[in-house]
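Please find below a colleague's note on the model under review. It is set out as numbered points for reading beside the structure.

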Amino acid sequence: MAFLLPKLQPSLLSQSKSNKQQQQQPLHQTLSLPKPTSHFPISFITSSSSTAQVAQVNTPQGSAQDKEQQQPKDEFYVNLGLAVRTLREDMPLIFIKDLNYDIYRDDITFKDPLNTFSGIEKYKLIFWALRFHGKILFREIGLDVYRVWQPSENVILIRWNLRGVPRVPWETKGEFQGTSRYKLDRNGKIYEHKVDNLAFNFPQNIKQVSVLDLVTACPASPNPTFLWGPVDAYSSSWIAFYKAVRETLDQDGSLLPQDGLATCS
């Protein structure tokens, strides 16, 4: 047995060494993890970077489309606010100064219960005639704005009251109310002005006047501001006022619109 030990010892030693190596190999593998392959991280980075690139490319396009859609809406609301503010300021002063026509379209249409006119030049002539004949036919004339509101997004409604004191001595103070309906296009510009819902309150009683009343009603003028002849219940300065404005529009370009031509105050 003694002579076998030296022969067996190397094999045993080799087996023991191999066993030790096998036992140590997992520990070595555990302690020193293998380096990760570059396939998964590269593909992950590539996919994420491509996603980022797609997001970077798509985001400006989406924002550009949103801006294109938002710009008309922004322009509409800006012009809408300007129109409401301008109408609030202009309406009470229509017999004193001219309007701000920046809020209207060039093809604006004006409608009342009897007439329809189209074009910005006709529209300007209407308000010039109101100022001109208002100063001639009335001692005092003015317009009060009762209410401004929006029944819908593209419509502005104004309820107003027109009051005046005629120059003729047989008429007392009169007034009537009405509604102005303004329609706006998609850019917020007014393309239609319609007057309706008129409620008249004209004086019906005719007062007896003397020659002295007629003389003192207005100083001598080559263009008298009162009407000679019989006066009935259906004629008044208000009706004469409307007819004068209507005739001015019929004459179209024969009159040169200028303010400050009214005599007799």
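The points below go from the overall fold to the core and its aromatic pairs.

1. The model is a predicted one. Its chain contains 5 helices and 6 strands, arranged along the sequence as α-α-β-β-α-β-β-β-β-α-α.

2. Of the 265 residues in the chain, 32% count as buried. The chain exposes about 17,500 Å², of which carbon and sulfur atoms supply 57%. Among contacts with a separation of 6 or more, 63% involve residues 24 or more positions apart.

3. Strands β3 (residues 138-152) and β4 (residues 155-166) run antiparallel and are joined by 11 bridges. They form a hairpin with 2 residues between them. Val145 has Trp160 of β4 as its bridge partner.

4. The largest nonpolar core has 43 residues, and Tyr104, Tyr123, Ile156, Tyr182 and Ile190 have the most contacts inside it. Elements that give two or more residues to this core include α2 (39-90), β1 (104-111), β5 (174-184), β6 (190-201) and α5 (237-251). Helix α3 supplies the largest share, 11 residues.

5. Leaving aside residues up to four places away in sequence, Tyr182 touches, among others, Leu87, Met91, Tyr104, Tyr123, Ile156 and Ile190. Its contacts also include Asn154, Glu192 and His193.

6. The structure holds 12 aromatic pairs. In one of them, the ring centres of Tyr101 and Tyr123 are 6.4 Å apart and the planes lie at 80°; since an angle over 60 degrees counts as edge-to-face, the pair is so classed. Tyr101 lies in the loop between α2 and β1 and Tyr123 in helix α3, 22 residues apart, and the pair thus links distant parts of the chain. Tyr101 is buried, with a relative accessible area of 13%, and Tyr123 also counts as buried, at 1% relative accessibility.

7. Phe138 and Phe241 form an edge-to-face aromatic pair, 5.5 Å centre to centre with 80° between the planes. This pair links distant parts of the chain, with Phe138 in strand β3 and Phe241 in helix α5, 103 residues apart. Both Phe138 and Phe241 are buried.

Methods
Residues numbered from 1 in each chain as written. Predicted model: local features only at pLDDT ≥ 70, side-chain atom pairs only at ≥ 80, totals over all residues. Heavy atoms only, no water. Helix = DSSP H or I, 4+ residues; strand = E, 2+ residues; numbered from the N terminus. Buried < 20%, exposed > 50% of the residue type's maximum accessible area, 1.4 Å probe, protein only. Contact = heavy atoms within 4.5 Å. Areas by Shrake-Rupley, 256 points an atom, 1.4 Å probe, with all protein chains shown as cover. Pairing = 2+ DSSP bridges. Core = buried A, V, L, I, M, F, W, Y, C linked by side-chain atoms within 4.5 Å. Phe/Tyr/Trp six-rings, centres within 6.5 Å; stacked < 30°, edge-to-face > 60°.
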